[in-house]
Amino acid sequence: MTAPSAQYDFVSRCFYPKLAIAEDPVTGRAHTYLAPIWAEKLGKSVFSARQISRRGGLVGVRLKGDRVELTGQVVTFMVGDIPFDL
């Protein structure tokens, strides 16, 4: 879910009950989908966003062509390697 905000360009909340995730605290993936929507609504390409879940956070969002750049504080929760040849 997403909505305009007086303090930020937009706010959001993310729920994934089929994946047994009651609410995602802050998700970058959702913001990559929200960037083009808000770019069209607001006529700009750089946003300040807040995910307003209980452990929410701030996300800097920049739409760059067909890419979305996200900035903010992060916590590493997993590290891994994907083995494949390019």
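Leu70 has its place in strand 7, where strands are DSSP runs of E with at least two residues, helices are runs of H or I with at least four, and both are numbered from the N terminus. The model I am presenting is predicted: local features need pLDDT of at least 70, side-chain atom pairs count only at pLDDT 80 or more, and totals for chains, interfaces and linings use all residues. Residues are numbered from 1 along each chain as its sequence is written, and side-chain values use heavy atoms, with hydrogens and water left out.

Let me stay with Leu70 for a moment. Leu70 counts as partly exposed because its relative accessibility is 33%; buried means under 20% relative accessible area, exposed means over 50%, and partly exposed lies in between, with a 1.4 Å probe and protein chains only. Leaving aside residues up to four places away in sequence, Leu70 touches Gly28, His31, Thr32, Val59, Gly60 and Val61, a contact being heavy atoms within 4.5 Å. From Leu70 to Pro36 the C-alpha separation is 13 Å, and the two are 34 residues apart in sequence.

I turn now to the chain as a whole. The chain has one helix and seven strands, in the order β-β-β-β-α-β-β-β from the N terminus. Its C-alpha atoms fill a box of roughly 45 × 35 × 25 Å along the principal axes. Of the 86 residues, 24% are buried. Among contacts with a separation of 6 or more, 47% come from residues 24 or more positions apart.

Next, the helix. Helix 1 covers residues 28-42, 15 residues in all, and spans 20 Å from first to last C-alpha, close to the expected 21 Å; that expectation is 1.5 Å times one less than the number of residues. At Leu34, shortly before the proline Pro36, helix 1 has a kink of about 35 degrees, the bend being the angle between axes fitted to the seven residues ending at a position and the seven starting there. Just after the helix, Gly43 takes a positive phi of about 70 degrees.

Which residues of helix 1 are buried? They are Ala30, His31, Leu34, Ala35, Trp38 and Ala39. These buried residues pack against several strands, including strand 2 (10-12), strand 5 (46-51), strand 6 (57-64) and strand 7 (67-71).

The strand pairings come next; two strands pair if DSSP finds at least two bridges between them. Strand 2 and strand 5 run parallel and are joined by three bridges, with Ser12 opposite Gln51. Strand 5 pairs with strand 6 in the antiparallel sense over six bridges, and Gln51 has Gly57 of strand 6 as its bridge partner. Five residues lie between strand 5 and strand 6 in their hairpin. Strand 6 and strand 7 are also antiparallel, with five bridges, and Leu63 stands opposite Val68. In their hairpin, which has two residues between the strands, Gly65 takes a positive phi near 70 degrees.

In a regular strand the side chains alternate between the two faces of the sheet. In strand 5, Phe47, Ala49 and Gln51 form the covered face, while Val46, Ser48 and Arg50 form the uncovered one.

How many aromatic pairs are there? The count is two, taking rings of Phe, Tyr and Trp (its six-membered ring) with centres within 6.5 Å, where planes under 30 degrees apart are stacked, over 60 edge-to-face and the rest tilted. The rings of Phe10 and Trp38 are stacked because their centres are 5.4 Å apart and their planes at 0 degrees. Phe10 lies in strand 2 and Trp38 in helix 1, so this pair ties together parts 28 residues apart in sequence. Phe10 also forms an edge-to-face pair with Phe47, at 5.9 Å centre to centre and 65 degrees between the planes. That pair links strand 2 to strand 5 across 37 residues. Both Phe10 and Phe47 are buried, and ring pairs link Phe10, Trp38 and Phe47 into a cluster.

The largest nonpolar core has nine residues: Phe10, Leu34, Ala35, Trp38, Ala39, Phe47, Ala49, Val59 and Val61. Such a core is a set of buried Ala, Val, Leu, Ile, Met, Phe, Trp, Tyr and Cys residues joined through side-chain atoms within 4.5 Å. Helix 1, strand 5 and strand 6 each supply at least two of its residues, and helix 1 gives the largest share, four.
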